[in-house]
Amino acid sequence: MSHAFVEVQQAAKRFPGAKGEPDLTVFENVSFQLEKGEFVCIIGHSGCGKSTIMNALAGLDQFSDGTMVMEGKEIDGPGLERGVVFQNYSLLPWLSALENVRFGVRARWKAWSDAKVTEHSLAYLEMVGLKDVVGRKPAQLSGGMRQRVSIARAFATKPKLLLLDEPFGALDALTRGVIQDELIKIWSQDQQTVFMITHDVDEAILLADRILLMTNGPEARIAEAVEIDLPRPRQRGEIVKHPHF
Ligand code: ADP
Ligand code: MG
């Protein structure tokens, strides 16, 4: 009986092959655990199955084999205890930044007054440096600002598990550094568990308590998650400065 916060065991993902072709196995035998409050990054080649794993944890996709348990309960669909940040922001374009964040906060705490929902949402937008632009729609925001809204939106509902799929992939290095700091600031405050995909090894070393390296054989396309323990884990609450600053 395991007591890990999240436990993925012997996960596999296969896609049916075209007529007469064998099935495509993206990965097999992927097992890993997340402890409560950890910031874990997963790195690996493009196409090895990182987003597939994240989407499964989000409840948006299913493994072909294996089990996936959070706090002892099988994950079998989306839930408010899990928040997701995608690479392409996925904000609602007809709503302002504030309304985008309010939307999730309202769904999470239905009994709250409108004023409390707004106050709570504004606090998170302020943490990511967007206080002055909360009335703007996504089209009127830069890429970095949109990604900040996505992060504020995901964290504002205080999900127990935050899933981030290459959240900074589309941003320039300077903006990335600033938002990485803001992410760590929020995470340090709320102590949530974060599972983040990145293809940037430096970013993983900078942010993570622990790194999962997903390897794959180009022929067999079989992957396994290998754990790397960082030699000097960050202290919780310590704000990490980007090395380019
Ligand atoms: P990563 O996020 O690590 O780049 P993904 O999880 O997005 O990788 O994709 C893993 C693999 O699964 C890729 O090789 C992709 O081509 C394949 N794949 C994804 N969806 C399908 C599908 N519907 N049919 C066949 N193959 C797919
Ligand atoms: Mg991906």
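The structure is a predicted model, in which local features need pLDDT of at least 70 and side-chain atom pairs count only at pLDDT 80 or more, while totals for chains, interfaces and linings use all residues. Residues are numbered from 1 along each chain as its sequence is written, and chains are lettered from A and ligands numbered from 1 in the order in which they are written.

The chain contains 6 helices and 10 strands; helices (H or I, at least four residues) and strands (E, at least two) are DSSP runs numbered from the N terminus. Of its 245 residues, 36% are buried, a residue being buried if 20 or more other C-beta atoms lie within 10 Å of its own, exposed if 12 or fewer, and partly exposed in between, with C-beta atoms placed from the backbone. Among contacts with a separation of 6 or more, 70% link residues 24 or more positions apart; two residues are in contact if their C-beta atoms, placed from the backbone, lie within 7 Å.

Strand β8 (residues 193-197) has 5 of its 5 residues buried, so the strand is largely enclosed by the rest of the structure. T193, F195 and I197 lie on one side of β8 and V194 and M196 on the other, and all are buried. Two strands are taken to pair if DSSP finds at least two bridges between them. Strand β3 (residues 39-44) runs parallel to β8 and is joined to it by 4 bridges, with C41 having M196 as its bridge partner. Strand β7 (residues 161-165) is also parallel to β8, through 5 bridges, and here L163 stands opposite F195. Together, β7, helix α5 (residues 173-190) and β8 form a right-handed β-α-β unit; right-handed denotes that, with the strands pointing away from the viewer, the path from the first strand over the helix to the second runs clockwise.

Apart from neighbours within four places in sequence, L125 is in contact with A97, L98, V101, L130, K131, V134 and A152.

An open sheet of 4 antiparallel strands has the order β2-β1-β4-β5. Strands β2 and β5 (73-74) stand at its edges with a single partner strand each, so one side of each is left without a neighbour in the sheet. Strand β1 (residues 6-15) and β2 are paired over 7 bridges, and F15 stands opposite L24.

Both F15 and L24 belong to the residues around ligand 1, which also include V26, G44, S46, G47, C48, G49, K50, S51 and T52; such a residue has its C-beta atom, placed from the backbone, within 6 Å of the molecule. Strand β2 (24-34) and helix α1 (50-58) each supply at least two residues of this shell, and the largest share, 3 residues, comes from α1. The shell comprises 4 nonpolar, 6 polar and 1 charged residues, where Ala, Val, Leu, Ile, Met, Phe, Trp, Tyr, Cys and Pro count as nonpolar, Asp, Glu, Lys and Arg as charged, and the others, Gly among them, as polar.
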